[in-house]
Amino acid sequence: MRAGSVRISRLMAWTNLCEFSDLKEGQGKYVDVGSFQLAVFLHEGKVFAVDNECPHAGGNLSSGMVMDGCAVCPWHYWAFKLDTGQMHGAPTVKIGAYPTRLEEADGKKLVQAELPG
Ligand code: FES
């Protein structure tokens, strides 16, 4: 880093989204947390968290289905990879995709996402 320059980094924090038992394989769950509106999916036993709003015309991805590892928007069927947020067939079109983990607390299995602070 050069003298006099300022490094700006985005802080990340693990944030509770829901309980694991709230999720159903292949279905989305809408989660509104802080400034994030997320679609959380359980797909092949793994949890994914992506932005809920479709960049095409604002469809709710949490209401869509999962196909080939993608969240498919229910309005016009644009598909976004759950792991990267990239649009299937057009990777420069992208939504936010966030790391997730499961944490045990008070006898519950919590789904957490690492979100920019
Ligand atoms: S609003 Fe999502 S595909 Fe059109």
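Residues 24 or more positions apart account for 40% of the contacts in the protein with a separation of 6 or more. Two residues are in contact if their C-beta atoms, placed from the backbone, lie within 7 Å. The model is a predicted one: local features need pLDDT of at least 70, side-chain atom pairs count only at pLDDT 80 or more, and totals for chains, interfaces and linings use all residues. Residue numbers start from 1 along each chain as its sequence is written.

Now the overall layout. The protein has 12 strands and 0 helices. Both are DSSP runs numbered from the N terminus: helices are H or I with at least four residues, strands are E with at least two. Along the sequence the pattern reads β-β-β-β-β-β-β-β-β-β-β-β. The C-alpha trace spans about 50 × 40 × 20 Å along its principal axes. Of the 117 residues, 29% count as buried. A residue is buried if 20 or more other C-beta atoms lie within 10 Å of its own, exposed if 12 or fewer, and partly exposed in between; these C-beta atoms are placed from the backbone.

Next, the open sheet. Its 4 strands come in the order β2-β3-β4-β10, and the pairing is antiparallel. Strands β2 and β10 stand at the edges, each with a single partner strand, so one side of each is left without a neighbour in the sheet. Two strands pair if DSSP finds at least two bridges between them.

Take the pairs in turn. Strand β2 covers residues 28-33 and is joined to β3 by 6 bridges, in the antiparallel sense. Lys-29 has Val-40 of β3 as its bridge partner.

Val-40 is the bridge partner of Ala-49 in β4. His-43 pairs with Lys-46 in β4. This is another hairpin with 2 residues between its strands. Glu-44 lies in the loop between β3 and β4. Phi of Glu-44 is near 50°, a positive value in a residue other than glycine. Most residues other than glycine have a negative phi. Glu-44 is exposed, with 10 other C-beta atoms within 10 Å.

At the other end of the sheet, 2 bridges join β4 to β10, and these strands run antiparallel. Here Ala-49 stands opposite Tyr-98 in β10.

The core comes next. In soluble globular proteins, nonpolar side chains tend to be buried together. A nonpolar core here is a set of buried Ala, Val, Leu, Ile, Met, Phe, Trp, Tyr and Cys residues joined through C-beta atoms within 7 Å. The largest such core has 28 residues, and those with the most contacts inside it are Leu-38, Val-40, Ala-49, Val-50, Ala-71 and Phe-80. The elements that give two or more residues to this core are β3 (36-43), β4, β6 (70-72), β7 (79-81), β10 (97-98) and β12 (108-116).

Why does Val-50 count as buried? Because Val-50 has 26 C-beta neighbours inside 10 Å. Leaving aside neighbours within four places in sequence, its contacts include Leu-38, Ala-71, Phe-80 and Ile-95. Leu-61 is also among the contacts of Val-50. Ala-71 touches Val-50 in turn, and its other partners include Gly-28, Phe-41, Leu-61 and Phe-80, not counting residues up to four places away in sequence.

Arg-101 belongs to strand β11, residues 100-105. Is Arg-101 buried or exposed? Arg-101 counts as exposed, with 11 C-beta neighbours inside 10 Å. Beyond four places in sequence, Arg-101 touches Trp-14 and Gln-112. The C-alpha atoms of Arg-101 and Asn-16 are separated by 9.6 Å, and these residues are 85 apart along the chain.

Asp-106 is found in the loop between β11 and β12. Asp-106 has a positive phi of about 50° although it is not a glycine. With 5 C-beta neighbours inside 10 Å, Asp-106 counts as exposed.
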